[in-house]
Amino acid sequence: FKLREDGSAIRQEFGLGSSPVVGSVARLAHNRGHELLIRGFRELTRELPEAKLLLVGKGEARPKLEALVAELRLQREIIFAGYRDQDLPAVLAAMDCFALMGAGSDESCRAALEAMACGKPVVARKVGALPETVVDGETGLLLHDDRPELLARALLSILADPGRARIMGAAGKARVESEFSPERQLSQVEAFYRAALREVGASP
């Protein structure tokens, strides 16, 4: 994620062209908010019909999600990219905005951090660790409820303003480097254990 990735090969692979692309990386499970993302994206296409949604991941909910996409007649606009590993930074680089509607089983929201490390603005639900990860209005936008139209407005406000998207992406990348680096995490864990040891030593 420290390398300067080029998403052009991914855009070519999925036929994205120069379309504005919303992307999400998450297991296709029933509790990850993909239904909200798909319905919000449908609202977005009313204002931005050329937009594409790239869903990255695998999981047991894929058939149900594909059925929803077909029901909404969005097969051309929504692409199931499957599981990506080695080229994930390039996949993220192909996106203009990252969206995450669920926190996952451990609520760490690592995918949002990875997107921010690639300089992408993040639109996310206010769940799990996302409120501590995304700075609302600075590195992305946080949604306080699950209305599809609210999600659509948030996505549009970023996609329709590339300058704002770049500023948010740069702020997100800087936040990851300063607050979530391995060195800082190690320092925080060490400080926690030192404090715990002092407390144990002070007890009778």
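## An exposed arginine

Let's start with R73: this residue is exposed, with a relative accessible area of 72% (exposed means over 50%, buried under 20% and partly exposed in between, using a 1.4 Å probe and protein chains only). Where does R73 sit? Look in the loop between α3 (62-71) and β3 (78-82). Helices here are DSSP runs of H or I with at least four residues, strands are E runs of at least two, and both are numbered from the N terminus. R73 also has a positive phi of about 60°, although R73 is not a glycine. For background, most residues other than glycine have a negative phi.

A quick word on the model: it is predicted, so local features need pLDDT of at least 70 and side-chain atom pairs count only at pLDDT 80 or more, while totals for chains, interfaces and linings use all residues. Residues are numbered from 1 along each chain as its sequence is written, and side-chain values use heavy atoms, with hydrogens and water left out.

## The chain as a whole

How many helices and strands does the protein chain have? The tally comes to 9 helices and 6 strands. The protein chain has 204 residues, and 48% of them count as buried.

Contacts (heavy atoms within 4.5 Å) tell us how the chain folds back on itself. Taking the contacts in the protein chain with a separation of 6 or more, 69% are between residues 24 or more positions apart.

S19 is found in the loop between α1 (8-13) and β1 (21-25), and R11 belongs to helix α1. Is S19 buried or exposed? With a relative accessible area of 15%, S19 is buried. R11 counts as buried too, at 16% relative accessibility.

Setting aside neighbours within four places in sequence, S19 is in contact with R11, E50, K52 and D96. On the same terms, R11 is in contact with L16, G17, S18, S19, V21, A94 and D96.

S19 and A51 are 32 residues apart in sequence, yet 5.6 Å apart in space, C-alpha to C-alpha.

## G82 in strand β3

G82 lies in strand β3 and is buried, with a relative accessible area of 14%. Which residues does G82 touch, not counting those up to four places away in sequence? They are L55, V56, G57 and R62. The C-alpha atoms of G82 and L28 are separated by 9.4 Å, and these two residues are 54 residues apart along the chain.

## How α2 meets α7

Helix α2 (residues 34-47) packs against helix α7 (residues 148-159) at an angle of about 55°, and their axes are 8 Å apart. That makes α2 oblique to α7. Axes are lines fitted to C-alpha atoms, for helices over the stretch in contact, and angles run from 0 to 180 degrees between N-to-C directions; under 35 degrees is roughly parallel, over 145 roughly antiparallel, 65 to 115 roughly perpendicular and the rest oblique.

On the α2 side, L36, L37, R39, G40, E43, L44 and E47 take part, meeting P148, E149, L151, A152, L155, L156 and L159 in α7. By class, that contact has 9 nonpolar, 1 polar and 4 charged residues (Ala, Val, Leu, Ile, Met, Phe, Trp, Tyr, Cys and Pro count as nonpolar, Asp, Glu, Lys and Arg as charged, and the others, Gly among them, as polar).

## How α5 meets α8

Helix α5 (residues 110-117) and helix α8 (residues 162-179) pack at about 115°, with axes 7 Å apart. That makes α5 roughly perpendicular to α8. L113, M116 and A117 of α5 make the contact with G169, G172, K173, R175 and V176 of α8. Those residues divide into 4 nonpolar, 2 polar and 2 charged.
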